[in-house]
Amino acid sequence: MKKLTVLLTLMFLLLLVACNTTSDTAKETSKNASPVETTKEKETAKTEPAEPVEIEFWHAMNGDHEKALAKITDDFNAQNDNITVKLVNQGGYGDLSQKLMASAKAKTLPTLSQAYEDWVTEYIQNDLVADLTPYVENAETGMTDDDLNDIVDVFREANMWDGKFYSMPFNKSTRVLFYNKGLLEEAGVAVPTNWDELKSAADKLTTTKDGKNIVGMGFENGVGMELIMWVKQAGGDFIDEKNRKVLFNSPEGVEALSFINSMIQDGTARLAGEDGYMSGPFTRGDVAMYIGSNAGIAFVANDAEGNIEWTTAPVPDGKKKASAFMGTNVTMFNTATDEEKAAAWEYMKFLISKENTTYWAMNTGYLPVRYSALESEDWKKFIQENPEYGVAQEQFDGGFYDPRVVGAYGVKNAINKEVEFVLLGQKSVEQGLEDAEKAAQAELDKANR
Amino acid sequence: MERTTWRASIQAYLYLLPALVIIVLFTIYPIIKSLLISFYDDYDYFNDIVYARGFASYQYLWNDPTFHKALWNTFVFVIGVVPASIALSMFIAVLLNSNIRLRSFFRTAYFIPFVTSVVAVSIVWRWIFHTEYGLFNYVLGLFGADPVAWLTDPKWAMPSLIILSIWKGLGYNIIIFLAGLQNINEQYNLAARMDGAGKAKRFFHITLPLLSPTTFFVSIVSIIGSFKVFDEIYALFGGQPGPASSALTVVYYIFEKFYSEWEFGIASAAAYCLFIIIFILTLIQLYIGKRKVTY
């Protein structure tokens, strides 16, 4: 017992000492940082670190995605003697968002992180992110106009707020239709290209084979999150960003949600449900087709091996072409020192260089973010051999990005909840949309009061 | 007895200090801080600036149907779990207390769920509950019953959660009951037997009354524990509060408000509502306990 108390006291003392030293170093760094802070306003972005800098990059990439990211980062670290980028895997996007929030409070934000556009909107509101425009415009280390315009329009625009850059596109994805070649051939069904064909294909493909139930069509659990795509396909409007008004409770909105709902209710379509993601049931052969992110290609490819023959096709069109471009960007927090920021900017440029964005796309299923990469011989050859990777880029016309108004995150969640109520048979389509409109408008008003 | 001296006191406080620091830092400070935050109406959370204080968060909760649903679900969960768990664990404890074969094996077996990580347990249960490939539906199928969508049907999500929680909490309750049973003097049973009392009579007139302090303790701990349910939901439904929020409980609501929606004031207010509910229930239990428990 005596030993234990001695041990505890010792531990406690150590803790105290540790606390002291950290606060000392914190003081020192803040002392060092202050003169730099004041000159920052006059000077444009600093370049090339003279002393070794280590920066952290928080991400939510797993499996093959993480491997590809690690390879690119290792290359960068090998090329830059003075910069070390440390990758920190924070789990899923939800975990990442929560940890970023907690670290913002604790003032321990990393230098770089992945972030969705609506997160960045929130960070701008709370003055947490660094404006990248000075870095982009820097004569020496910035990007030329050609270089900047080489970034795919929809991605570049998604990362600009009031004409300023707060992030750079990194892992961008869109929805594509995955289908099981074998099952479609057996049923004599052609790959659907519009809503009607999709519906009848789902109907024909729903059967029982060798005592196993096969469902024709599948949707991811967050199908409510992609309601915007379906409403736009039906020819409707989703949200008026200027006047902060939700518009999806319209005849087009009802048409869009009824379309998905009718398939779910008659059993010719299902949600991922307990399986988490559609890639599971799809590669088991339980589902003949599904609409999901092209970032899932790497996962489907892994699981499908030896099970099923599959490929992808563009998402069937409604009255209009519309495909949401999603996925995260890389953003820089303003708590970093100027040296760290300069180092981070070098890394950001490296991450989306032509070669690296091509490498990234080939190994993950995400899209290359540069036109030059999309048009390169390497990429063209690659998608000829692996046509499933080439589908997403066919959807650039009609491409749009999610609304980024303040409160967009809450809006999407509110809609997703109501859509779930409808699809699980708890509410009618009309009731669900009406409640979703109310909830979403309330979120918008609350965030913008 | 030693006389209280400054020396002795200081020495004692020094020994207490490590524990006190940890408690103050991680328990008492957050409790006070969240009480303060629950009265923030307009604030900058990241820089700790408060522009307006008031009761807006509590007002919001009063009018929020989602919060009411979370409260309702929590009550359903508590009522579903606690009585069943107490009855079952008492029954098993009585069995384990008698002379049966492999007694120590069973004692360990029942305790394993309690010491296993919730996440690991939930992953196994996700498979057991799976509509197409799950163990439950396989067994139901043997009896010709239709498969039940345990985890994806809003009607079944809460029962699934209750089943998992009962199973998970059994081991702890059994151990406490076993300890209680072992405190009962064998003399009483022997005397009753001589008087010709049967097994059931002896259980209801000797074991149950003498076990009442233990039952009382277990019920308080189980009710408080059940009101705070979170991990099981998060892991069982894959980071969602069940299909169509059918397993949304108060703590899950707090978690969503705090981490997903950044509504720190509302989250803190909800936490205090939960605290008050548990506090009142515990007072009621203490009151009943004083009158009914035979010490």
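A:Asp162 counts as exposed, because 6 C-beta neighbours lie inside 10 Å and a residue is exposed at 12 or fewer. A:Asp162 is found in the loop between strand E4 (160–161) and strand E5 (164–165) of chain A. Its phi is positive, about 50°, although A:Asp162 is not a glycine. The model described here is predicted.

- Most residues other than glycine have a negative phi.
- A:Lys107, which is not a glycine, has a positive phi of about 55°.
- The loop that holds A:Lys107 runs between helix H3 (93–105) and strand E3 (112–115) of chain A.
- A:Lys107 is exposed, because its count of other C-beta atoms within 10 Å is 10.

**Chain A as a whole**

- The secondary structure of chain A consists of 19 helices and 15 strands.
- Chain A has 449 residues, of which 47% count as buried.
- Among the contacts in chain A with a separation of 6 or more, 75% are between residues 24 or more positions apart.
- Two domains are assigned in chain A: domain 1 covers 49–173 + 327–382, and domain 2 covers 222–267 + 406–449.
- The C-alpha centres of domain 1 and domain 2 of chain A are 31 Å apart.

**Helix H14 of chain A**

- Helix H14 of chain A comprises 14 residues, 338–351.
- At 1.5 Å a residue, H14(A) should span 20 Å, and this agrees with the 20 Å between its end C-alpha atoms.
- H14(A) is mostly covered, with eleven of its 14 residues buried.
- The buried residues of H14(A) include A:Glu339, A:Glu340 and A:Lys341, as well as A:Trp345, A:Tyr347 and A:Leu351.

**Strand E13 of chain A**

- Side chains alternate along strand E13 (residues 310–313) of chain A.
- E13(A) pairs with strand E6 (residues 167–180) of chain A in the antiparallel sense, over four bridges.
- A:Thr311 in E13(A) is the bridge partner of A:Tyr179.

**Domains of chain B**

- Chain B is divided into domain 1 (6–53) and domain 2 (58–292).
- The centres of domain 1 and domain 2 of chain B, taken over C-alpha atoms, are separated by 31 Å.
- The two domains of chain B touch through seven residues of domain 1 and six residues of domain 2.
- On the side of domain 1 of chain B that touches domain 2 of chain B, H1 and strand E1 (40–44) of chain B each supply at least two residues.
- H1(B) gives the most to that side of domain 1 of chain B, with three residues.
- The residues on that side of domain 1 of chain B divide into four nonpolar, two polar and one charged.

**Contact between chain A and chain B**

- The contact involves 22 residues from chain A and 21 residues from chain B.
- Helix H1 (6–37) and helix H11 (250–260) of chain B are the elements that give two or more residues to the side of chain B that touches chain A.
- H1(B) provides the largest share of that side of chain B, three residues.
- By class, the side of chain B that touches chain A has eleven nonpolar, seven polar and three charged residues.

How values were computed: Residues are numbered from 1 along each chain as its sequence is written. Chains are lettered from A and ligands numbered from 1 in the order in which they are written. This is a predicted model: local features need pLDDT of at least 70, side-chain atom pairs count only at pLDDT 80 or more; totals for chains, interfaces and linings use all residues. The expected span of a helix is 1.5 Å times one less than its number of residues. A residue is buried if 20 or more other C-beta atoms lie within 10 Å of its own, exposed if 12 or fewer, and partly exposed in between; C-beta atoms are placed from the backbone. Ala, Val, Leu, Ile, Met, Phe, Trp, Tyr, Cys and Pro count as nonpolar, Asp, Glu, Lys and Arg as charged, and the others, Gly among them, as polar. Two strands pair if DSSP finds at least two bridges between them. Domain bounds come from an automatic or database domain assignment.
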